[in-house]
Amino acid sequence: MITRIKLSNWRAYGNVAIQLEPGTTFLIGMNGVGKSSLVEAVRWAFDRTAKPDVEFIRKGERSAFVEVDLQVDQAVLRINREISLGTGARPLKTPRTELTATVDDRVVTEAELFARLETAWGADIGFVTRTAFLDDLSSSSKDSELRAHLSRAYALDTLEEHVGVFEQAVKQAGVVASEEHAAAGQLVRRIDRSRREVEEQEELLRASEARAGDHDVALEAANAALVEAQRAQAALDARARWDARWQQVAEAAAAFVGEPSPGTDLRPLLRSSLEAASRQRDEAREVNARLRERMAALEEALATLDAAAQECPVCRRPLDDESRAHAHEVQDADRVQVGRELEEVDIEGPSTVVSGLQRLIRDA
């Protein structure tokens, strides 16, 4: 037997708790006051296959729960099923549910609770939840066996005898309800206006949040574009530095390889010039070495000629003063010529060019 029903933020209900007396309970009231919502809440608490629906939650709230107390075999069973949209900045798109069950204040599993109910009631929980509430039964119901079972279980045939009494009471209650309904109509209209205003404000808020989201996306895109622009600028700066350095090297290399085209790889040109300059330096060194050897030989011949007595130091023939003077003149003339040639041989110039080219190749 259900002894208590408690709802929090369930559809139109804020917070309500109802104590039930033993026996069958009837819900009577005008349309739209929440009778079906109350029955639906209790059925949802017992339905193990119930799907979460955001419409269950009272407008403006983030969670709701249904709590049902039952008296079963001298034990108090309590079912608490909660539906929630979470506590984050944005509500969850799909609400989540959680069921808590106790038997005499002892926490039990969902399976243990429903197994106990099925054992006590002698039927599966799906059948029980259908038979516990009569608001869905009609003469057109396909479940004719269920209707016959309910007629026997709840003695519905005896209730028909009292229909006339209830109809008269309902008529009288209808008169009172009409008067109350007229009085409540204005309040309902004011509530509707307030609800529409709230909905408009909520729509404005959602639009504002959407615009804020668009601004966030635009900001992220702008930041990404800024990073890309900074990378591009860094690449341009690096290229500018490269171009400036290339120009410096190109100006220095112009004396050796001529005026190069912009962006030309200077290394092959400079290496070719280095090879030519190295050959020129080596040739100059070879010529210088040969001339120095010749100069040394001439000086040695002159010294020998000056030291000779009456015969030629080469052919050993008699050497008179005239022959000696002639030989000395010829050797001296050769020495002067070799000296001139030595002066004309430039070793330092090609060596300096080679050093400069080597340095330019490193720079290039």
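What span should helix 2 (residues 110–121) have at 1.5 Å a residue, and how far apart are its end C-alpha atoms? I expect 16 Å for its 12 residues, and the ends are 17 Å apart, which agrees. (Helices, H or I with at least four residues, and strands, E with at least two, are DSSP runs numbered from the N terminus; the expected span is 1.5 Å times one less than the number of residues.)

A note on the source: this is a predicted model, where local features need pLDDT of at least 70, side-chain atom pairs count only at pLDDT 80 or more, and totals for chains, interfaces and linings use all residues. Residues are numbered from 1 along each chain as its sequence is written, and side-chain values use heavy atoms, leaving out hydrogens and water.

After helix 2 comes G122, with a positive phi near 70°.

Then the cores, meaning sets of buried Ala, Val, Leu, Ile, Met, Phe, Trp, Tyr and Cys joined through side-chain atoms within 4.5 Å. The largest has 33 residues, and F46 and I79 have the most contacts inside it. Helix 1 (35–46) is among the elements giving two or more residues, and it gives the most, six. Apart from this core lies another of 12 residues, including W246 and I361.

Notes
Buried < 20%, exposed > 50% of the residue type's maximum accessible area, 1.4 Å probe, protein only.
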